[in-house]
Amino acid sequence: MTFNIFHYSDDEESFARALAPISCPVKIWSPSLPINYTWVQQFRLMAHDALLNNEPWFGYAHDDGEMTKEDFQKLLDARQDVDYEQVMAIMTRNPTDPQNNTDVYCLFNTELYWKVGGHDENFTLYWADTDFFLRYTSAGYQQEFVSVNSLKHVQSYCNKKSEGLAKIARDLHFIKDRAYFYNKHPNHVSV
């Protein structure tokens with residue numbers, strides 16, 4: 001199984017902490033790629049790599065996350081305990097902050113990912129996960145959680161550091177993606 005990590009920040013210390021627990025092959029996605037893909041395109045590409053390599057699961061991590069090697073192993077071990085035919089994703093969750101850290105380190109079922117069409121490429125970055133979650137749960141698939149007390153996350157690191165044109169672009173992507181999401185899911189109620 002390959003674990004993919006998107007590295008957009010210039011904080012190498014934080015990035016080193018995010019990489020530290022990962023005990024399987026890692027692929028790093030960064031803006032230095034020859035083509036500047038959107039987040040959704042990168043996600044689809046890593047899922048496609050997993051499909052081509054016959055990997056039943058592929059992993060994903062934020063570059064501003066952190067947890068212990070023991071807790072990372074719990075995530076890997078969870079693959080053996082879930083129903084492969086029904087579980088789309090296995091997410092990590094710190095029980096002291098369950099709402100804000102579910103996809104910092106996670107695994108995705110490669111076969112089911114493509115059965116529901118993957119992330120919608122009409123999104124650039126924002127709302128893509130919510131759309132994907134709604135589509136795979138409506139298809140009858142579910143996600144499981146692994147409690148990992150060591151999990152930490154510096155949320156929205158790149159958003160907080162962006163300025164100038166980069167900030168304007170992020171703000172415009174948010175508006176565009178939100179409009180597309182609500183047109184696609186007009187009955188969705190956000191809380």
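**Helices, rings and buried sides in a predicted model**

The buried residues of helix α3 pack against β1 (3–6), β5, β6 and β7. Here, buried means a relative accessible area under 20%, exposed means over 50%, and partly exposed covers what lies in between, using a 1.4 Å probe and protein chains only. Contact means heavy atoms within 4.5 Å. Helices (H or I, at least four residues) and strands (E, at least two) are DSSP runs, numbered from the N terminus. This is a predicted model, where local features need pLDDT of at least 70 and side-chain atom pairs count only at pLDDT 80 or more, while totals for chains, interfaces and linings use all residues. Residues are numbered from 1 along each chain as its sequence is written, and side-chain values use heavy atoms, with hydrogens and water left out.

So which residues of α3 (69–77) are buried? They are Asp71, Phe72, Leu75 and Leu76. These residues sit on the same side of α3, because they cover an arc of only 150° around the axis; the arc is that of the directions from the helix axis to the C-beta atoms.

Stepping back to the whole protein, the secondary structure comes to 7 helices and 8 strands. The radius of gyration, taken over C-alpha atoms, is compared with a globule rule of 2.2 Å times the number of residues to the power 0.38. The protein has a radius of gyration of 16 Å, close to the 16 Å that the rule gives for 191 residues, so it is as compact as a globular protein of that length. Buried residues make up 42% of the 191 residues. Of the contacts between residues at least 6 apart in sequence, 74% join residues at least 24 apart.

Helix α5 (residues 128–138) has its own buried set: Ala128, Asp131, Phe132, Arg135 and Tyr136. Their arc around the axis is only 120°, which puts them on the same side of α5. Their cover includes α2 (39–52), β5 (87–93), β6 (105–109), α4 (110–115), β7 (142–147) and α7 (164–184). Asp131 of α5 counts as buried because its relative accessibility is 0%. Leaving aside residues up to four places away in sequence, Asp131 touches Asp120, Phe123, Phe181, Lys184 and His185. Just after α5, Gly140 takes a positive phi of about 95°.

Now for the rings. Rings of Phe, Tyr and Trp (its six-membered ring) pair if their centres lie within 6.5 Å; planes under 30 degrees apart count as stacked, over 60 as edge-to-face and the rest as tilted. By this rule there are 26 aromatic pairs. One of them joins Tyr126 and Phe174 edge-to-face, at 5.2 Å centre to centre and 75° between the planes. Tyr126 lies in the loop between α4 and α5 and Phe174 in helix α7, so this pair ties together parts that are 48 residues apart in sequence. Tyr126 is buried at 15% relative accessibility, whereas Phe174 is partly exposed at 31%. Phe181 and Tyr182 also pair edge-to-face, at 5.3 Å centre to centre with 90° between the planes. Phe181 is buried at 0% relative accessible area, while Tyr182 is partly exposed at 28%.

Ring pairs also link a cluster whose members include Phe6, Trp29, Trp39, Phe43, Phe132 and Tyr136.
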